[in-house]
Amino acid sequence: MLDLTSPPIHLSGVASPALSSLSGLLAVLPLAAPLLVSMTAWFIRTDRLLAVRASIVAAAVILGSGVAVAVVNVRGEVPAVGSTLRVDALSAVMLIVIGAVGLIATTASVDYLQGEINGGHTTDRRVRAYSVLLPAFLTAMVLAVVANNLGLLWAAIEATTIVTAFLVGHHRSRGSVEATWKYVIICSVGIALAYLGTVLVHYAARHAGLAESAALDWTALSAGAARLDPDVMRVAFALLVLGFGAKAGMAPLHSWLPDAHSQAPAPVSALMSGVLLPVAVYALLRYRVIAAPSLGEHQVRLLLLVVALGSLALAASLIIAQRDYKRLLAYSSIEHMSLVVIGVAIGTPLAVAALLLHIVGHGLGKAVLFCGAGRILATEGSTSIRSVRGLLVRRPALAAVFAAGIAALLGLPPFSLFASEVGLARAGTSAGLGWVIAAAMALVAVIFVAITVHVAPMVLGRPTPGQPVDRSAAGLSPLVLGLVVLAVLGMVAWPLDQLLQAASLIGGAR
């Protein structure tokens with residue numbers, strides 16, 4: 001099992017010119033690959049799915065770049081590429097998540113679109129639009145996690161709203177159009193609040209003596225955070241928590257999430273849940289490093305904990321009453337992002353390492369589950385929990401993958417979410433926040449029971465006579481691989497331990 005309590009490694013600090021040049025390439029490459037696919041996808045007409053297959057390669061490039069950045073950073077820190085991009089260990093973790101979830105989602109997209117084409121449920125124009133928007137979505141998320149400029153970070157997250165709005169409305173049905181408008185309106189409110197918070201941070205930086213060119217530079221702001229005006233930063237951080245919290249599905253601006261996730265194509269839901277939500281939390285983690293020295297740990301923790309515990313309680317109540325398995329998975333995303341935000345609130349290196357491991361595990365688990373849910377919908381024709389019974393008898397391969405994904409989501413060993421939740425509990429207890437951990441674990445226990453009660457009949461129930469039987473495992477190999485990685489990360493420290501420790505030094509309290 002990953003040991004999140006071992007002493008952190010020490011980074012060398014100054015990189016050689018050759019290493020800095022390499023880091024520059026590794027910052028640009030994961031941006032260039034999906035962007036190139038997106039820019040050329042609309043003009044590919046010979047093979048309707050060629051651009052989607054090219055997106056698989058782009059996702060692999062992002063994953064490979066994340067691994068390379070991780071290797072560079074655990075050997076010698078390369079903190080920034082100019083004043084615009086940053087490829088530190090924290091960026092590396094997020095690149096790995098984007099690449100891994102992107103691989104599963106883009107691979108699943110080929111089968112998803114082929115099924116829609118064969119069934120006559122889509123048009124060439126929609127397939128081409130999907131082929132353009134999917135890699136553009138990957139590009140925007142990569143830009144967010146490698147941006148060293150906080151204005152660029154905000155712009156990248158805003159870009160994800162624009163791109164995913166069209167993906168959510170892919171089916172052009174009444175439900176998907178309503179979900180799209182709800183998503184656009186609520187997230188636009190959230191991103192506007194985040195914009196105001198960013199402007200206030202810029203104002204505080206300028207009045208603290210930072211040059212105009214460095215006023216939104218994360219490296220400069222984190223170094224001079226103690227000089228920022230606490231009154232201004234108090235308002236700024238509250239706006240940022242509400243704004244980026246809306247993109248992460250946190251209460252009170254959470255209501256877009258279940259509608260968007262349930263109406264979007266399954267691979268898009270996998271990306272939104274597994275990557276988009278964590279990218280928004282990543283932004284909060286970056287801002288926490290700036291806010292804590294000026295506001296103090298107590299104020300930062302209090303605001304984040306109120307939002308996280310409120311969202312967790314809300315998720316528990318809604319999961320209990322849920323009757324739609326895609327919406328069930330969506331509400332569980334609120335649960336897991338609440339746990340991650342609790343880790344951000346705790347803010348110690350142990351908590352940061354644990355929350356990053358949780359992001360990795362949640363991303364892989366949700367990619368498996370949403371893509372699996374998409375296959376269930378395609379074969380069963382309904383997202384109603386009551387309408388799906390006896391999958392283990394009728395579709396054993398698909399049922400086994402879905403059940404294993406649910407076990408991972410519930411934090412059962414040997415999957416990595418078990419290790420990350422234990423790490424978060426240890427971090428909270430060590431920081432004197434035992435009452436927070438007790439409240440969170442009580443709500444997690446309620447959610448555990450509720451999800452089990454909902455899903456067990458879907459997998460183990462008695463099938464309705466006459467329902468179709470399909471014992472094929474075709475197309476499930478990427479989902480099985482994701483589950484295997486989840487299990488391995490829950491049992492062995494290598495290869496993430498040094499990377500998580502390096503990232504915890506960047507995002508943890510100082």
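**Ground rules.** I worked from a predicted model, where local features need pLDDT of at least 70 and side-chain atom pairs count only at pLDDT 80 or more, while totals for chains, interfaces and linings use all residues. Residues are numbered from 1 along each chain as its sequence is written, and side-chain values use heavy atoms, with hydrogens and water left out.

**Entry 1: domains.** I looked up the domain assignment and found domain 1 (21-148), domain 2 (149-295) and domain 3 (309-509). The bounds come from an automatic or database domain assignment. For domain 1 and domain 2, I noted 20 Å between the C-alpha centres.

**Entry 2: the interface of domain 1 and domain 2.** I counted contacts (heavy atoms within 4.5 Å). On this count 34 residues of domain 1 touch 34 residues of domain 2. The two domains bury about 2800 Å² between them, with 74% of it on carbon and sulfur atoms. Buried area here is the accessible area (1.4 Å probe) that two parts lose on being put together, summed over both. Of the area that domain 1 buries against domain 2, Arg-126, Phe-137 and Asn-148 supply 23%, more than any other three residues.

I then looked for polar contacts, meaning pairs of N or O atoms within 3.5 Å; within protein, one atom must be able to donate a hydrogen and the other to accept it, and residues adjacent in sequence count only if both atoms are side-chain atoms. There are 12 residue pairs in polar contact between the two domains, both residues at pLDDT 80 or more. On the domain 1 side, helix 3 (89-119) and helix 4 each supply at least two residues. Helix 3 gives the most, with 13 residues. Helices are DSSP runs (H or I, at least four residues), numbered from the N terminus. I sorted the domain 1 side into 23 nonpolar, seven polar and four charged residues. In this sorting Ala, Val, Leu, Ile, Met, Phe, Trp, Tyr, Cys and Pro are nonpolar, Asp, Glu, Lys and Arg are charged, and the others, Gly among them, are polar.

**Entry 3: salt bridges.** My rule was a side-chain nitrogen of Lys or Arg within 4 Å of a carboxyl oxygen of Asp or Glu. It gives 11 salt bridges, and one lies across the interface of domain 1 and domain 2. Asp-88 pairs with Arg-286 at 3.0 Å, N to O. Arg-286 sits in helix 10 (residues 266-295) and Asp-88 in the loop between helix 2 (50-75) and helix 3, 198 residues apart. Asp-88 also meets Arg-86 at 2.4 Å, N to O.

For burial I used relative accessible area (buried under 20%, exposed over 50%, partly exposed in between; 1.4 Å probe, protein chains only). Asp-88 is buried at 0%, Arg-286 at 3% and Arg-86 at 4%.

I also checked Asp-259 and Lys-182, whose closest N and O atoms are 2.8 Å apart in a salt bridge. Asp-259 is in helix 9 (residues 256-263) and Lys-182 in helix 6 (residues 174-207), 77 residues apart. Asp-259 is buried at 16%, whereas Lys-182 is partly exposed at 31%. Shared partners join Arg-86, Asp-88 and Arg-286 into one network.

**Entry 4: Arg-128.** I found Arg-128 in helix 4 (residues 124-146), buried at 14%. Leaving aside neighbours within four places in sequence, Arg-128 contacts Trp-42, Ile-44 and Arg-45.

**Entry 5: helix 19.** Eight of the 11 residues of helix 19 (residues 497-507) are buried, so this helix is largely enclosed by the rest of the structure. Among them are Leu-499, Leu-500 and Ile-506.
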